[in-house]
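Here is a short note on aromatic rings and their partners. Keep the structure open as you read the points.

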2 protein chains.
Amino acid sequence: MYSKAVASLIVLACCAPGAAWSQSALMKQAQGLFKPIPASAPSLPGNDSTPAKLALGKMLYFEPRLSESHIISCNSCHMVGMGGVDLQETSLGHRWQHGGRNAPTVYNAVFDVAQFWDGRAKDLEQQAGGPLVNPVEMGTTETHVVEQLKGIPGYATAFAKAYPGASDPITLDNVRKAIAVFEATLITPHAPFDRYLGGDDKALDAVQKEGLALFISKGCAACHNGVNIGGGMYAPFGVVERPGAEILPPGDKGRFTVTKTVSDEYVFRVPSLRNITLTAPYFHTGKVWDLRQAIAIMGSSQLGATLTDDEVGKIQTFLGALTGEQPVVTLPILPPSVATTPRPKP
Amino acid sequence: MYSKAVASLIVLACCAPGAAWSQSALMKQAQGLFKPIPASAPSLPGNDSTPAKLALGKMLYFEPRLSESHIISCNSCHMVGMGGVDLQETSLGHRWQHGGRNAPTVYNAVFDVAQFWDGRAKDLEQQAGGPLVNPVEMGTTETHVVEQLKGIPGYATAFAKAYPGASDPITLDNVRKAIAVFEATLITPHAPFDRYLGGDDKALDAVQKEGLALFISKGCAACHNGVNIGGGMYAPFGVVERPGAEILPPGDKGRFTVTKTVSDEYVFRVPSLRNITLTAPYFHTGKVWDLRQAIAIMGSSQLGATLTDDEVGKIQTFLGALTGEQPVVTLPILPPSVATTPRPKP
């Protein structure tokens with residue numbers, strides 16, 4: 001656990017006007033707490049990236065025929081070019097049903113400790129199988145995913161190239177592995193804050209630095225730290241003061257549903273704050289659309305602090321410096337259906 | 001009207017084995033009836049393409065916030081990389097409602113004489129406004145399209161660059177113009193048949209040439225001709241023999257609903273056969289999934305001909321040579337919503 005006392009001392013020092021030493025101290029402090037997004041995709045344990053697997057993973061990510069209706073793909077709720085999200089409180093899925101929680105961004109998800117708000121998938125590979133068979137998301141079955149892909153002749157070649165030597169390469173495991181390899185490339189490096197962490201003091205302006213100092217001194221960085229400024233641990237929502245039932249409805253006990261441990265009631269994975277200005281609405285319910293309101297709620301519910309409007313504004317300005325470069329993705333050309341391809345069931 | 005007698009003579013000649021003169025005659029015949037897709041996008045009258053307008057048009061084409069729900073974009077039903085269609089009998093739109101007719105492909109639509117199955121929009125620009133306000137498609141209103149875009153700060157810059165000098169550039173007209181400019185780039189040149197039309201006799205194999213000869217001699221080319229091998233005129237569905245009510249339901253009178261002219265009952269725009277192997281299911285109802293069945297139905301309903309399995313197979317093989325190169329499109333980075341941006345109404 002990060003020490004608030006130490007942080008406060010350093011922050012006090014760095015707020016003295018014109019002190020070069022203090023600026024340098026803030027940067028050092030930040031470098032100790034946070035890490036920049038790397039410039040290239042990380043490798044996944046036990047799931048090597050090859051050009052053929054990456055190409056297949058991209059096809060599958062944009063493949064609507066993986067859903068029962070043939071209109072919902074991974075990209076429907078995690079849109080590349082739109083923050084990796086869908087800008088909905090909770091996603092609209094199969095037959096216009098609402099998902100249970102707000103769709104987390106796919107961007108930089110590879111750096112999170114686990115996937116989903118409750119961490120029920122240990123990695124991207126395991127996560128990728130979830131929405132496929134969720135009846136309110138893509139609404140298909142594991143068996144049908146394989147039947148469907150085997151019914152589209154072009155995938156035989158694509159899977160054979162991605163999994164050379166496999167006698168029967170079109171399997172659910174291989175679908176998930178390929179999607180994970182593609183998703184690991186959806187990272188957003190070169191945010192102003194990353195440049196700052198890299199030693200460029202001019203990458204943040206004065207207000208952003210004040211916001212950073214507040215972010216540390218108020219205790220936000222106790223949970224929102226590491227490469228994703230969050231995403232690395234679990235925390236109860238409402239550790240000091242529970243927000244209202246609209247924002248934290250009693251029916252969703254978070255990680256408790258995974259671990260069945262009482263101390264995990266209302267515990268969620270701490271979300272990454274990377275690209276947070278692109279990913280409204282906020283929280284697992286998606287009930288808060290205004291980042292300023294989200295910051296204020298975090299102050300009261302997690303830190304027992306009533307942040308002033310000025311403090312909220314400065315923290316918001318700092319969070320704006322967490323917006324990186326969204327990945328540039330060329331749409332895949334998907335293999336055509338033929339007369340015998342299984343048809344949609346909308 | 002194309003002369004069937006002349007075609008038959010030429011086809012008889014070209015079917016004599018090994019006759020170089022006959023091959024050349026088939027090519028000349030084809031060159032007279034069809035035109036290749038150009039290598040670059042055509043210009044639109046009164047709607048110049050500029051890099052800024054094209055970039056804006058691409059953003060808007062992929063912009064789900066143009067729909068009431070914020071989950072449906074132009075690309076939802078006209079998917080780039082998937083034949084420019086949605087592979088549904090009729091599209092699923094706002095609140096999972098079904099559209100009235102099968103979604104035509106956006107690919108090469110710029111070369112069609114008019115847009116929609118009934119030709120009710122004269123061009124891409126006019127077409128682009130339709131689905132936005134159709135309650136079973138994107139379900140918004142013309143007023144709200146403008147409100148929505150004005151509520152996303154990044155669009156102010158994008159529209160100003162696309163329409164320099166305009167005092168209030170975010171208008172519905174300018175939305176439609178930009179989308180049309182982007183759609184005009186969604187063309188599929190370099191199909192084997194285009195190379196054949198360009199003089200490369202080896203671009204089609206022997207069976208494809210037999211299919212082409214049948215396509216001409218049986219009379220298909222009377223309607224399916226020109227650059228889009230269709231798309232250039234209107235024709236009654238069931239000119240010789242009406243297909244069953246599932247394929248041609250009595251309630252949809254086609255172009256009659258536009259012109260209110262009795263002779264336009266059950267008249268539809270002849271669809272392009274470009275990329276036809278990518279765009280199942282077929283006909284305005286989307287009730288036929290097998291291209292062979294569609295060819296057989298066309299033979300009986302339009303030409304009064306009972307095509308043999310062998311003839312259907314050869315025509316199908318020829319139609320496969322109409323598949324061009326699908327456009328390679330980089331997904332746009334869409335401008336973020338802010339706290340005051342109008343929110344989705346799913």
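**Notes on the aromatic rings**

1. Start with A:F268. This residue is buried, with a relative accessible area of 4%. The cut-off for buried is under 20%, so A:F268 qualifies. Please keep in mind that the model is predicted.

2. Now look at A:W117. A:W117 is buried too, at a relative accessible area of 9%.

3. Over all chains, the structure holds 24 aromatic pairs. A:W117 and A:F268 form one of them: the ring centres are 6.5 Å apart and the planes stand at 85°.

4. Where do the two residues lie in chain A? A:W117 is in the loop between α4 (74-77) and α5 (124-133), while A:F268 is in strand β2 (residues 267-269). The pair therefore ties together parts that are 151 residues apart in sequence.

5. Turn to chain B. The rings of B:W117 and B:F268 have centres 6.5 Å apart and planes at 85°, so this pair is edge-to-face. B:W117 sits in the loop between α4 (74-77) and α5 (124-133) of chain B, and B:F268 in strand β2 (residues 267-269), so parts 151 residues apart in sequence are tied together. Both B:W117 and B:F268 are buried.

6. Chain A also has a cluster. Ring pairs link A:F34, A:F193, A:Y196, A:F215 and A:F318.

7. The charged end of A:R255 sits over the ring of A:Y234, 4.1 Å from the ring centre. In chain B, B:K253 lies over the face of B:F256, and the distance to the ring centre is 5.6 Å.

How values were computed. Residues numbered from 1 in each chain as written. Chains lettered and ligands numbered in written order. Predicted model: local features only at pLDDT ≥ 70, side-chain atom pairs only at ≥ 80, totals over all residues. Heavy atoms only, no water. Phe/Tyr/Trp six-rings, centres within 6.5 Å; stacked < 30°, edge-to-face > 60°. Helix = DSSP H or I, 4+ residues; strand = E, 2+ residues; numbered from the N terminus. Buried < 20%, exposed > 50% of the residue type's maximum accessible area, 1.4 Å probe, protein only. Lys NZ or Arg CZ within 6 Å of the ring centre and 35° of its normal.
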